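Hi,

Here is the structure I promised to pass on.

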Amino acid sequence: MSTPRALVIGGSLSGLLTANLLRNIGWQVEIFERACGDLAGRGAGLGAQSDLFMVMRQIGIRIDRSMWTEVRSHVCVDRTGEPVCRVPVREVTTAWDRVYQSLRESFRTGQYHGGMTLLRCEQSERRVIALFENGTRIDGDLLIGADGIRSTVRRQYAPQVVPRYAGYVAWRGIVEESQIPPQWRATTLQDMVFCLPNGELAFSIPIADSDGAGHRRCMFVWFRPANFETTLRDWCTDATGVCHGDSIPPPLIRKEVVADLHLAARRLLAPQLAELVAGARQPILSAIFDLETTRMAFGRAALVGDAAFVARPHVGTSVTKAAQDAWALADELVKEGDVGAALALYERRRKPAGSELVARGRRLGEHLEPGGAGLRPPIDALLGEYGPGGIGEWPSTV
Ligand SMILES: Cc1cc2nc3c(=O)[nH]c(=O)nc-3n(C[C@H](O)[C@H](O)[C@H](O)COP(=O)(O)OP(=O)(O)OC[C@H]3O[C@@H](n4cnc5c(N)ncnc54)[C@H](O)[C@@H]3O)c2cc1C
């Protein structure tokens, strides 16, 4: 029997996790990514759970101590910076660039095609064909849509499923240890520090370093309401007047938008968080969406990661979810020889978990929706529920 062939659309974290695992179980795998060149530098910090590290280890990646950072407590501070509530936790963060680089390195001998944009797929009983913008047609036994929130694969098979804007954005930025004022270093490099101005939520979180050299860093995240048609469009318009839609490459964010962000931080946030906003080299703007697919499997095609479900980032586990999707998919393909049957079993296994995570993200964020869809929970309850949840064993020893 010839080696089965999988076509993975999207070469970001979900695509790389799935491609590496499928190779491990004996599939010939090719990744097709729209972007040309490396994706490193795209992401920031990531909350993580033990399944992410388990899957990375299965792929053959060595999880050394520099790959993760411990979070000891969630602390809420008032506008003056004084702690008002502390909840001890046992959580772990990592960094997008560390996870991406190690997955990319593991796939270095695999076929990764940049600059390939999927237009649509065709299926017969025995094959699936991917058709690309440049006219190329590639066929395989299985096609994986790891192509993110605006998935072309999902749009073809479940066009009624669309992302829903939550009414607010996240501003994020990474700050190196040397940029953090000394009086705030101890706490920002070991705790998650929250501040809750009216209708908004900001926090800092320590994250793993980018290269394993031991440079400590932390990230700020600030959720702010933004009208989709007015404020968001304005923030996504560059200095030449071009509006990039509902997102914008970070270097194109206008100087005055960043200056306003710094001013608002001084006015609204505790000093330790305002310092982080001011100290971040390059703020990143992300509009927050919910996405919940009705199906994950369509004959010989399946969705993984953000293509299927996007939970608001309050849950801090979407990459772990992507790893769990990839793991379940590979597992069902090993257990069930028929691709269509394996994908149906995969959908049955992973769809409830995706829906549950989206619902949890909504619950944690609905108090930030303009118009007050939900009351803010008591601070200790919010701090206790926020984020990825406890890690159990530390990653180096699991
Ligand atoms: C503010 C914010 C904070 C977050 N914090 C966390 C966190 O703490 N922890 C966590 O686990 N997750 C977090 N996430 C989520 C996390 O970043 C994603 O869940 C994760 O990166 C998985 O993404 P993905 O690979 O499925 O999709 P993406 O990263 O969107 O990748 C999709 C890829 O497909 C490519 N593509 C798209 N269309 C096509 C096409 N037609 N043809 C070919 N290629 C295509 C794209 O170029 C892209 O590279 C956060 C997200 C946001 C916005």
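Predicted model: local features only at pLDDT ≥ 70, side-chain atom pairs only at ≥ 80, totals over all residues.

Where they touch, 5 residues of domain 1 are in contact with 9 residues of domain 2. On the domain 1 side of that contact there are 3 nonpolar and 2 charged residues, and no polar ones.

Now the ligand. Both domain 1 and domain 2 give residues to the shell around it, so the ligand lies between them. There are 35 residues around the ligand, and the ones that come nearest are G10, S12, G148, G305 and S318. Sorted by class, the shell has 16 polar, 14 nonpolar and 5 charged residues. If you want to find the shell by secondary structure, go to helix 1 (13-24), strand 3 (45-48), strand 11 (164-176) and helix 9 (318-335), each of which supplies at least two of its residues. Helix 9 gives the most, with 4 residues.

Helix 1 is also worth a look for its packing, as I checked two of its neighbours.

With helix 9, the axes come within 9 Å and cross at roughly 30°. An angle under 35 degrees counts as roughly parallel, and helix 1 and helix 9 are therefore roughly parallel to each other. The crossing is right-handed. On the helix 1 side the contact is made by L13, S14, L17, T18, L21 and L22, and on the helix 9 side by V319, A322, A323, A326, W327, L329 and A330. By class, the residues of this contact are 11 nonpolar and 2 polar, with no charged ones.

With helix 2 (residues 50-59), helix 1 packs at an angle of about 45°, and the axes are 9 Å apart. These two helices are therefore oblique to each other. Helix 1 passes helix 2 in a left-handed crossing. Here L17, N20, L21 and N24 of helix 1 meet V55, Q58 and I59 of helix 2. That contact divides into 4 nonpolar and 3 polar residues, again with no charged ones.

If you click through helix 1, note that L17 and L21 turn up in the contact with helix 9 and also in the contact with helix 2.

Cheers

Conventions
Residues numbered from 1 in each chain as written. Near = placed C-beta within 6 Å. Nonpolar A, V, L, I, M, F, W, Y, C, P; charged D, E, K, R; others polar. Domains from an automatic or database assignment. Axes fitted to C-alpha atoms, helices over the stretch in contact; angles between N-to-C directions. Parallel < 35°, antiparallel > 145°, perpendicular 65-115°, else oblique. Left-handed = near helix turned anticlockwise from the far one by under 90°. Contact = placed C-beta atoms within 7 Å.
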